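Biologist: I have just opened this model and would like to be walked through it. Could you put it up on the screen?

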Amino acid sequence: MATSLEHLPAAPLRTAPTGAGPAPPRRVPLPVLLTCLGIALPVSLVFGAGTGASGLSWPEVAHHLWAGLTGGPVAADQAGAYTIVWELRFPRAVLAAIVGAGLSAIGVAVQAMVRNALADPFVLGISSGAAVGANAVLIFGAFGAFGVWALSSAAFVSALLAMVLVYAVARTDRGLTPLRLVLTGTAMYYGFSAVTTFMVFAAERGEAARSAMMWLLGSLGGATWTSVPIAAAAVCAGLAHLVWSARRLNALAMGDETAAALGVDAGRLRKELFLVSAAVTGAVVAVSGAIGFVGLMVPHAARMLVGADHRRLLAVAPLAGAVLLIWVDILSRVVLAPAELPVGVLTAVIGVPCFVLLMRRRSYTFGGA
Amino acid sequence: MGPNGSGKSTLLRCVYRALRPTAGTVRLGEEDVYAISARESARRLAALPQEAVSEFDFTVAEVVAMGRLPHQRSMARATDEDLRTCEAALAGVGAGHLTDRGFLTLSGGEKQRVLIARALAQQPRVLILDEPTNHLDIAQQLEVLALVRESGLTVLTALHDLNLAALHCDLIHVIDAGRIVASGPPHDVLTPALLAEVFGVRAHRVPHPETGAVQLLFDRLQPA
C-alpha cells in the first residue's frame, strides 16, 4: 500500500494528550489504611501474648494482660501463667513491634538518604559492626562486667564505633555523598562480617557458635521488659525526627541540587539522617540481632500502597513493619514448636511472596524501570 | 552561554545555593543571597537544576507540591493556598491533565513542564534554569522557552543553542574559562569575532526573515 504524506493531519501533531498514557497509580486511601493498621497493631500484640507452648486459654491471656496493664491483683496460683503472659510473651510482642517499626522507618530514611531504592538499614555497615560486639560477648564472654546488659551494650557500642568509622571514611569536603556512603558501608559490612565469621569459626564451644548464628539471623527470644525502654526511646525519637523532616526527605529524594533549590541543605540533612539511622539501627540490632528484609521490603510495600511521598510513607511503613514483625515472631515460635526458627528466615519466607504479589498487582515503577 | 566546561553550571549553582562561592557575593537586588536563610532564598529564587531526576515514584501533584516547601512549616498540613498555587502553576504550564500521573512515566517535554510548574509554585521572583532544553525535541524546546518567558519572572538560564538564545533572551552573558567575556543584547554580543574566539567557530549572521532577530550559521574555523 502506497503511503502518502497527505494522510498526515493538517493540524499540529503536538496536542496535549487527554487521558492518554498509563492509568494513574492506584493507591489505597490513607485514612482507610491507617485505620486498618491501627486496629491490626493492638490485635496483633494480643495474639503475640496469647501464642506459645503452654496452652493458656484466651480469657486467661486477656485477664493477665489486663492485670499487667492496670497493675491489678493476680491470684497466687496464677502467678506462673501471669509471668508467661506478662513477663515473657507480651514484652516479646512489644519488642517485635518496636523493632519492626524502627527497621521500616530507617529503611525509608536510608533509601532517601542514599537515593537508592535497593538500600536498607544494613547498607551502612552499622549492623555488621554491632554483630562484632555481640559475638564477642556470645563467644568469648567479653563485657562480662555489664551482666544482663552485656550483649545489648556491646552490640550498641560497637554499632556506634562502626558508625564513626563509616562516617570518617565516607565524608568529603562536600559532606556525605550517596555513592561514597553506600560503597563505604558495603566495604565495612564485609570487613565486619569477616571478623564475626572468624570469631564463630574460632569458637571452641558449639553452643556459642549456634547462638552467634541465631543472633546474626535475628531473634526476639531474649526479650524482657528491660530491653524495651531503650529500643523504644531510640525508635520513637528517630521516628519523630524523620516525620518532622518528611518534606525535606521528599526534596532530598529528588536530588541534592533540587533540594538546594528548594531551600534544603542536602549535606546537612544527610548527616542528620546518618546519625539517626545509625543510632536507631544500633539500638534495634542490640536487642534483636540483625533481622533482615524488613527494612528493605516494608518501605517498598508501603510505597506501592500510598506512593513515594514521605509524609504518608512515614505514617504507614512503621505501623506495617510493627504488625509484620509481630506476626513473623509468632510464626517463628509456632512453626517448629518447641524449637524456634530465626526470625530472619521467616521475614524472607513471608516477605518475598508478598512482595512479588504487590509488585505484579500495581503499576509500581521500581527504580524507574 | 559558553562552551562546555566554561563554568555556566557552576555560576548558576552558586546562585541557587547548591555551591557556596569561594570569593565574591551573589546579590538579589541589594541582598546577599547567602546572608539570608536557605528557606528564605528559595522563596525568591527557584531553580531547575540539570540532574538526573529521582528514581522514586512521585506523582506529578507531589512533585509540584514540593515547590511549596520553602513556604511551609515542617509539620503543617498543606493549606488551601498551597493547593491553589500548585493547581494554578500546573494549569499555567498546560499540564493540568497530568496531575495524577506518575512523574517517571512522563515524556521529557512533559517532565520539564512539570518541573517548571514546581518552580512557579515556589512563587519566586527569579527563575534559574540550567540547560532546560536538553534532550527535548525542537518543538518542546520552543515551548519550554515560551513558557518561562510567559511566566513574567526574571529568568537566568544557561543555554547551549545560540540561536534559541538570540531569539528568547534580552541579555546574553558569554562565559569563557570561568570569566564573563561579553555581556549585552544578543545583537551586540553574538559577533563573528567573539564566536570565533570563545567557541572556535566561523559564524555568519543573518536576520530572521520574520522578526529580524540575529540568527547564526556556523562553519568550522578554517586555519588561516
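Biologist: What should I know before I start reading numbers off it?

Modeller: This is a predicted model, in which local features need pLDDT of at least 70 and side-chain atom pairs count only at pLDDT 80 or more, while totals for chains, interfaces and linings use all residues. Residues are numbered from 1 along each chain as its sequence is written, chains are lettered from A and ligands numbered from 1 in the order in which they are written, and side-chain values use heavy atoms, with hydrogens and water left out.

Biologist: Okay, how many helices and strands are there in chain A?

Modeller: Chain A has 14 helices and 0 strands, where helices (H or I, at least four residues) and strands (E, at least two) are DSSP runs numbered from the N terminus.

Biologist: And what percentage of its residues is buried?

Modeller: Of the 369 residues in chain A, 51% are buried; buried means under 20% relative accessible area, exposed over 50%, and partly exposed in between, with a 1.4 Å probe and protein chains only. Among contacts in chain A with a separation of 6 or more, 76% are between residues 24 or more positions apart, a contact being heavy atoms within 4.5 Å.

Biologist: Let's take H1 of chain A, then. What span should it have?

Modeller: Helix H1(A) runs over residues 30–50, and its 21 residues should span 30 Å at 1.5 Å a residue, which agrees with the 30 Å between its end C-alpha atoms. The expected span is 1.5 Å times one less than the number of residues.

Biologist: Which of its residues are buried, and what covers them?

Modeller: The buried residues of H1(A) are Leu33(A), Leu37(A), Ser44(A), Leu45(A), Gly48(A), Ala49(A) and Gly50(A). Their cover includes helices H2 (58–70), H3 (79–113), H12 (294–306) and H13 (310–334) of chain A.

Biologist: Switching to H4(A), how many of its residues are buried?

Modeller: In H4(A), 13 of the 15 residues are buried, so this helix is largely enclosed by the rest of the structure. From first C-alpha to last, H4(A) reaches 21 Å, close to the 21 Å expected at 1.5 Å a residue, and just after H4(A), Gly141(A) has a positive phi of about 65 degrees.

Biologist: At what angle do H4(A) and H5(A) cross?

Modeller: The axes of H4(A), residues 126–140, and H5(A), residues 150–170, cross at roughly 145 degrees and come within 7 Å. Here the axes are lines fitted to C-alpha atoms, for helices over the stretch in contact, and angles run from 0 to 180 degrees between N-to-C directions.

Biologist: What residues make that contact?

Modeller: On the H4(A) side they include Gly129(A), Ala130(A), Gly133(A) and Val137(A), and on the H5(A) side they include Leu151(A), Ala155(A), Ser158(A) and Met163(A). The residues of this contact divide into 12 nonpolar, 3 polar and no charged; Ala, Val, Leu, Ile, Met, Phe, Trp, Tyr, Cys and Pro count as nonpolar, Asp, Glu, Lys and Arg as charged, and the others, Gly among them, as polar.

Biologist: What does Glu257(A) form a salt bridge with?

Modeller: Its partner is Arg13(B), and the closest N and O atoms of the two are 2.7 Å apart. Glu257(A) lies in helix H10 (residues 256–261) of chain A and Arg13(B) in helix H1 (residues 8–15) of chain B, so the pair joins two chains. Glu257(A) is buried at 13% relative accessibility, and Arg13(B) is buried at 17%.

Biologist: Which salt bridge does Arg311(A) make?

Modeller: Arg311(A) meets Asp309(A), at 3.0 Å from N to O. Arg311(A) is partly exposed at 37%, whereas Asp309(A) is buried at 5%. Elsewhere, a network of salt bridges links Arg92(A), Asp329(A), Arg333(A) and Glu340(A).

Biologist: Last one: where is Glu131(B), and is it buried or exposed?

Modeller: Glu131(B) sits in the loop between strand S4 and helix H6 (138–150) of chain B, and it is buried, with a relative accessible area of 7%. Its phi is near 50 degrees, a positive value in a residue other than glycine.

Definitions and conventions:
Salt bridge = Lys/Arg side-chain N within 4 Å of Asp/Glu carboxyl O.
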